Amino acid sequence: MDSYDVLVIGGGPAGYVAAIRAAQLGFKTACVDAFERNGKASLGGTCLNVGCIPSKALLDSSEKFEMIAREAGEHGIQVDGATVDLGKMLGRKESVVDKLTGGVAYLFKKNKVTSIHGLGRLVRQDGEAWIVDAAGKEVRAKNVIVATGSSPRALPGVPFGGNIVDNSGALAFEQVPAQLGVIGAGVIGVELGSVWRRLGAQVTILEALPGFLLAADEAVSKEALKQLQKQGLDFHFGIKITEVQQDESGVTVTYEEKGQPVTTRFDKLIVSIGRVPHTAGLGAQEVGLQLDERGFVKVDDHFRTNLPGIYAIGDVIGGPMLAHKAEEEGVAVAELLAGQAGHVNYAVVPWVIYTSPEIAWAGLTEKQAREQGHKVKTGQFPFSANGRALGHGDPRGFVKVVADADTDKILGVHMVGPNVSELIGETVALMEFGASAEDLGRTVHAHPTLSEVVKEAALATDKRALHM
Ligand code: FAD
């Protein structure tokens, strides 16, 4: 029987990173992953295959189309008759995914991680080790890391299939739907809705909650909603879905809005109402692996489950369902196994939504900071006062810095605007080091760059922004 120091179940961002880091630290490591794309093994999990990467590839392609077809004129560039070759656009997305999933396979080889394609199932404890069925063959492992991820949540009684799709289906429509319904105005719903709106769909987004992005700073969610509505995304909040019926040509959705029944017909319906932990086929129940009431694997702050030698990380343990959070947990658990001080600072995990304008934040919102008892000061600076943003032709949005009025420590940074997915990184690093608004405001930022808006927002916390 093959025997490993570390066996990782799941080859997504949590699992593949844990496997690479474990191998770097000298453990004999294997990773068993069941994901298949186009009938073939494909490492990288949800993120690389049907999540972060393909969605961003399509967001970029559709944004380029929007720029060429609708915005180039403003720059004095006349383009008549721009059209979309959807097959080619989807083909490009697939080739980006191929490169990255192939890249993980290469990294496994390079780091001598044994890659096993198939299901991993916990079988029994054997002394200090575990016996795991890895793709139909039993292997022995001193430590097992469960990184089995999450799956899309379906509406109760409405299975995915036909014209009702999850994230995978929404990344592969063969033609642009004329009428597209999206249930759920969360990150995935607005990103995928944006892709198809830019390519020509009429997009209606139905959300049960009373408002948009309630987890974000209020100023940011208000501005982002205004910008997304301006583009034609038709949002409905506080609605209750009462019936979903599909036939060959589309889907009929009935919902209650402000107490009134409404019936709408869509060609396609994306259901993006959250994700549920994926433990099917893992053998959790059989070996007594403890899950919480929502199905997440229960862990302590060192990623230990209730069973000795079994650890869990990534989407399957809950918390922010983000690839970078999953990756950091992968590094941390491997380092803890090696007796090091692996640790994830959940207080400054960046959130990014890749709409146009982009939305990004890290740390506390103004409301959270006040609720936690901080005396708060804030500084806000608009992209409309920044030369680079004006040159780009995209001066929408702003950066807002939330700082402690007594200590000047940065508590949170909130952004909506061009390229803020990249701008947030600087502030995350500063917060990681406990920087003050003064530190950020006195740091030299290249001119002309969008990053000057971040510096100015920090200066604005003391009412000394220079360019406004
Ligand atoms: P997963 O990526 O789900 O990987 C789990 C793997 O385990 C899968 O390959 C699965 O097949 C395999 N598996 C499950 N059970 C078994 C078993 N018993 N045996 C063997 N293998 C098994 N996050 C971001 O940070 N940025 C983004 O831009 C972003 N965009 C997203 C867009 C979409 C459309 C979606 C759906 C998600 C997006 N996410 C994004 C979230 C991100 O994809 C997840 O947080 C991340 O993939 C979680 O990583 P993971 O390794 O925990 O799980």
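How far apart do the end C-alpha atoms of residues 349–458 lie, and what share of the span is helix and what share strand?

Guide: The end C-alpha atoms of residues 349–458 lie 20 Å apart, and the span is 35% helix and 28% strand. Helices (H or I, at least four residues) and strands (E, at least two) are DSSP runs, numbered from the N terminus. This is a predicted model, in which local features need pLDDT of at least 70, side-chain atom pairs count only at pLDDT 80 or more, and totals for chains, interfaces and linings use all residues. Residues are numbered from 1 along each chain as its sequence is written. The protein chain has an average pLDDT (the predictor's confidence in each residue, from 0 to 100) of 97, and 100% of the residues score at least 70. The model's ipTM is 0.99 and its pTM 0.97.

For residues 349–458, an unreviewed UniProt entry lists "domain: Pyridine nucleotide-disulphide oxidoreductase dimerisation". UniProt positions follow the numbering used here, feature names are shortened, and annotations may be inferred rather than shown by experiment.

The feature "active site" is placed by UniProt, again in an unreviewed entry, at His447. His447 sits in the loop between helix H13 (437–442) and helix H14 (452–460). His447 counts as exposed because it has 10 C-beta neighbours inside 10 Å. By this count, a residue is buried if 20 or more other C-beta atoms lie within 10 Å of its own, exposed if 12 or fewer, and partly exposed in between, with C-beta atoms placed from the backbone.
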